[in-house]
Amino acid sequence: MIRRYEERDYEAVVYLLEVCGLPACDIRELEGYGLIWEEQGQPVGFVWALINEGASVYIDHFCVHPDFRRKDPETGRSEIGFWLMFAMLTNLKAMGKTRITGDLQKDFGGRAFMAIYGSVGMKFQQPEAFIYGNIGEIIKNVESQHGTRE
């Protein structure tokens, strides 16, 4: 189940970031929007976007617990990561956001997420270090190639 991040999720998200080998920060101090993928009442996936007044957003955190990185046998992509990112993009578009950016941290599983970012149509710059894309175009691309998750 995908749902919006709430303050009560903070400790579980910090634990999830640690399990994924990502540096944790105090997201309570950041202006942003987060989504959780929950399995059996526990967050196993998390994406956080920094929101500003303009049309752009920055993906600051994105992780899936190693035990839940299921891959679709046909596509080979991580189902939780793929659909969690798609849900984030859909929500951002509804907020009027049109452009997404982010950095890949190769030391912290960046290569694993390159496949997810690429599968939703994001582009890479500075040899696999920076991602960007037009949210509307990405959503249209995903829907035409993969449909929508029910």
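This report describes the fold, strand pairing, packing and aromatic contacts of a predicted model.

## Basis and confidence

Residue numbers start from 1 along each chain as its sequence is written. The model is predicted: local features need pLDDT of at least 70, and side-chain atom pairs count only at pLDDT 80 or more, while totals for chains, interfaces and linings use all residues; side-chain values use heavy atoms, with hydrogens and water left out.

The protein chain has a mean pLDDT (the predictor's confidence in each residue, from 0 to 100) of 80, and 76% of its residues reach 70 or more. Confidence is highest in S1, at 96, and lowest in helix H3 (residues 110-119), at a mean of 59. Where pLDDT is low, the predicted coordinates should not be read in detail.

## Overall fold

The protein chain has 4 helices and 7 strands. These elements are DSSP runs, numbered from the N terminus: helices are H or I with at least four residues, and strands are E with at least two. Along the sequence their order is β-α-β-β-β-α-β-α-β-β-α.

Of the 150 residues in the protein chain, 44% count as buried, where buried means under 20% relative accessible area, exposed over 50%, and partly exposed in between (1.4 Å probe, protein chains only). Contact means heavy atoms within 4.5 Å. Among contacts in the protein chain with a separation of 6 or more, 61% come from residues 24 or more positions apart.

## Strand pairing

Two strands pair if DSSP finds at least two bridges between them. S3 and strand S4 (residues 56-64) are antiparallel and share 7 bridges; a hairpin of 4 residues joins S3 to S4. Leu 50 has Tyr 58 in S4 as its bridge partner.

S4 also pairs with strand S5 (residues 99-103), here in the parallel sense and over 4 bridges. The bridge partner of Ser 56 in S5 is Arg 99.

## Nonpolar cores

A nonpolar core is a set of buried Ala, Val, Leu, Ile, Met, Phe, Trp, Tyr and Cys residues joined through side-chain atoms within 4.5 Å. The largest has 25 residues, of which Val 47, Ile 59, Met 88 and Ile 100 touch the most other members. Strand S2 (32-39), S3, S4, helix H2 (79-94) and helix H4 (135-146) each supply at least two residues of this core. H2 gives the most, with 10 residues. Another core, of 13 residues, lies apart from it and includes Leu 17, Ile 27, Phe 46 and Trp 48.

## Helix H1

Tyr 10, Val 13, Val 14, Leu 16 and Leu 17 are buried in H1. Viewed down the axis of H1, the buried residues fall within an arc of 160°, so they line one face of the helix; the arc is that of the directions from the helix axis to the C-beta atoms. Glu 11, Tyr 15 and Glu 18 are exposed on the other side of H1.

The buried residues of H1 pack against S2, S3 and S4. Just after H1, Gly 21 has a positive phi of about 80°.

## Aromatic pairs

Rings of Phe, Tyr and Trp (its six-membered ring) pair if their centres lie within 6.5 Å; planes under 30 degrees apart count as stacked, over 60 as edge-to-face and the rest as tilted. This rule gives 5 aromatic pairs. The ring centres of Tyr 5 and Trp 48 are 5.4 Å apart and the planes stand at 85°, so this pair is edge-to-face. Tyr 5 lies in the loop between strand S1 (2-4) and helix H1 (10-19), and Trp 48 in strand S3 (residues 42-51), so the pair ties together parts that are 43 residues apart in sequence. Both Tyr 5 and Trp 48 are buried. Ring pairs link Tyr 5, Phe 46 and Trp 48 into a cluster.

## Two residues in detail

Phe 46 is in strand S3 and is buried, with a relative accessible area of 0%. Beyond residues up to four places away in sequence, Phe 46 touches residues including Tyr 5, Val 13, Leu 17, Ile 27, His 61 and Leu 84. Phe 46 and His 65 are 19 residues apart in sequence and 8.9 Å apart in space, C-alpha to C-alpha.

Asn 91 lies in helix H2 and counts as partly exposed, at 28% relative accessibility. Not counting residues up to four places away in sequence, Asn 91 touches Tyr 33 and Leu 35.
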